[in-house]
Each structure stands twice: as C-alpha cells, then as structure tokens.
Amino acid sequence: MPEISMRVNGTDRTVRVENRTLLVHALRDGLRLTGTHVGCDTSQCGACTIHVDGAPVKACSMLAVEADGAEVETIEGQAMSDGSLNTIQQAFQDHHGLQCGFCTPGMVMATAALLRENPKPGDAEIRHALKGNICRCTGYQGIVNAILAASGQPVPAAMDSEPAPVAAE
Amino acid sequence: MYDFDFANPATLDEAVAALGRGDAQALAGGQTYLPALRQRLAAPDTIVSLKRVEGLSDIEATVDTLRIGAMATHARIARETADRFPALSRLAGNIGDMAVRSRGTLGGSLANNDPSACYPAMALATGATIHTNARDIAAEDFFRGMFETALDDGEIITAVTVPVAQAAHYEKFVQRASRFALVGVFAARYPDGARVAVTGASSGGVFRWTEAEERLSDRFEASALDGLTIAPDDMIEDLHATKPYRAHLVSVMTRRAVEHA
C-alpha cells in the first residue's frame, strides 16, 4: 500500500492508504482526526470540508494519494494553541450557528476559507460561499450572523418581536 | 469503490503513455469522476492523475483570445479572467460550490460533457478551440451528445482557446440540489454576429440556438427575440422539469443573457 506524507495542521504526518482511499478516510481512520465529518455519500453536504494547500476542498472528493506532499488543514487545527475557541468558532457559539453540530466542522472550514479571500463578506457573499455546506438544523441565519460577527461586522438584530400580521384578504 | 492502480505522471508524454495501457482513465479535478467511482458507475484498472503534469493550468491572454490550461480550476478561472472576460469569470464563479471550484477544472468538465454543465455552453457560444495532445478541435465538432465528445480513448485536453466576445453573458437557472444548470444560456456578440449556446435543455446535449442567433446578429437586444420560442420535442424531461418547461426556460434565459450582456 502506498504511504503518503502530508503536513496536517502544521505537523508532518505519514499514513498508509490504498489507492482508492478517500482523503477523508485517511484523515479519520488513518490519522484519527475524526473532526472532519462524513455527512453524505454524494459529495453534496460539505461536512468534510478541509483546506488543501490553502483552498477549501471536500475531503470525500479527493483521493488520499492526490494529497501526498500537500499542506492540509482540518477543524482540529482551528482552535487556539491553549485549546480555546478561535474567532470563528466563538462566533458560531455566540450566534447560535450550530445546533446538532454535525455540519459545523465543514461550516467553520468554509468560513475560514471565505474570510481568507474576503475579510468582510456581505450577506449575499456569505450565502454564496456556503452553497456547498448543508445544515439541517439552523436555517442558516445563525451561521450567517456568526460569520458577520467573526469578520467584525454588525449582526442584524434577532427577530425578537411578533411576526407581522398577515394582511387580510 | 474498487481499487485501481494510480499513476501520477509529471509530463504529458508520460500521461499519454499511462493512458495507453489497458483500461485507464484520466483524472482531472475529480469532482464528477470521484462521486461516479464511489457509486461504482466507473471502475477503471488505472487512474492517471493529471495534477502534476506541467504546464496544463496556465492562463494566457492575447489581443482577442484567452488560452486557458485544461487543468485550470474554476476558482482560478473566476479570479483570473474577471477583467478580460467577465462573462466567463462569472460562469466559473457560479459552478457548483466553493469547494468544487477549488478542484474542478475546465478540461475535466469539457471532457465529461455533462448535458447540464456550464462550460460546454461557453465553449460553443464563443467558438472556442479545444487543444489536445494530438490536435485542435473546434467546439462545433467537439460535443457529440450527452457525455460524448470527439476525444479518442487516451486523448488529453491540454488547453482551450476562447475568443473574447464584445459583449456576453451566461444566465443559469440553477437546479438547486445539484447546482448544475436546469437550463443555461451563453449569449455572445462578436463582430461577425451573435452566438447563443444552450445547456441543460436538450437530450442531445449542448446546442446552438441558430434562430436566436440570426435575430440577435441583426440587433443584439432582448426585444429582437420577441415571439421566438423553441420546440419542446427534443428537450430533457425529468423530475425537475418537463419538456415544455425547459423549452420555455430556454427563451427566458436567452432574453436575460442578452439583457445582462
């Protein structure tokens, strides 16, 4: 079986894989980095989003052998060195950007990729960037708010009032 | 997914040689092919990665064309053609999602010729030339119906030369689950006339809508299309849209493409 070498979250790692091993399985099963989640079998959910050489990719849609020599960042590398949450993670917590949390590693990695390219994204840019990340709990507004907060932008007030009455016919 | 041998050539010659040995398949960005492998829709003996092959992802501009390496990713094309050919940049920046755009490539998309992919419409509407390791193929001759192209077994797309239009726009009605085009229309104006290519609609794959081109060549305005419709007979019909609905979308997307060009 081929052995591949990657720099994962700043540390050189090697792992034995089959040619057919997906990068996500090399990370989860080979390196025990189980923060990168597998949420579907069709490359559509984005829960396995990581960074390869600085770009967001779905770890389920890349062969591990293609990552030989690559710089890989996963959710495990996001927290601060003392273990506290980084700005993006803290904003997700503060703004209810997660409920069950399954999609969150992918959301956080997609956000990190977005903010690297565009430090102050608008609402539409955020939603465009998250098109490939599916959340089945939050309805996305909390996630958008978290990303606005993480990028130092004002967060719209919560809908704390009664919904507007439906106009009579 | 069944296992396979993996070749990782550094040169085009090595890649061509590797593809010539048995049941081998070239791998570009893999954003369509890897899901297909996982579903066992394909099971080659050998996969030949084109990622390391030198010189396949450069983007070069001449006076009136862009020559784009086959392995240029959607993200890179979106970034690097924004000034020169905004319609192409926008098309690339709206393919799939952010992660797909990091990996997926122009050459991979053209070689796959998905009937709902975006780039085939661009290639046909711009009159692009597809360069391979063996020859140059006009877009007109390249697309041969759903998932079929003029490529021979083992032939590798190396680059695509795209004539830059005077005005152009690609309008896509997104199929929200797949993020492919339910119908997409690329309309472009050139000194010698207008070209209109439609993806996502026909069971024969991408096609030029010549009736629309004739009208737009006289006058490149949406109103020139007034009253023009397309017959639904050859349209794709699936759970997302009926034939008449797709035919209607062709007209609407064409108008919008011209309005935004």
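**Where chain B meets chain A**

Four salt bridges are counted between chain B and chain A. One of them joins the side chains of Glu66(A) and Arg103(B), with N and O 3.0 Å apart. Polar contacts cross the interface too. Here 12 residue pairs are found, with both residues at pLDDT 80 or more.

Which elements of chain B give two or more residues to the side that touches chain A? They are strand 1 (5–7), helix 2 (33–38) and helix 5 (98–103) of chain B. Helix 5 of chain B gives the most, with six residues.

Now take both sides together. Chain B brings 29 residues to the contact, and chain A brings 26 residues. The area buried between the two chains is about 2,200 Å². Carbon and sulfur atoms give 55% of that area. Which three residues supply more than any other three of the area that chain B buries against chain A? They are Arg38(B), Met98(B) and Arg103(B), and they supply 29% of it. Look at Arg103(B) again: this residue also forms the salt bridge with Glu66(A).

A word on confidence. This is a predicted model. It scores ipTM 0.94 and pTM 0.95. Chain B has a mean pLDDT of 97. In chain B, 100% of the residues reach 70 or more.

Definitions and conventions. Residues numbered from 1 in each chain as written. Chains lettered and ligands numbered in written order. Heavy atoms only, no water. Contact = heavy atoms within 4.5 Å. Buried area = accessible area lost by both parts, 1.4 Å probe. Polar contact = N/O pair within 3.5 Å; in protein donor to acceptor, adjacent residues only side chain to side chain. Helix = DSSP H or I, 4+ residues; strand = E, 2+ residues; numbered from the N terminus. pLDDT = per-residue confidence, 0-100.
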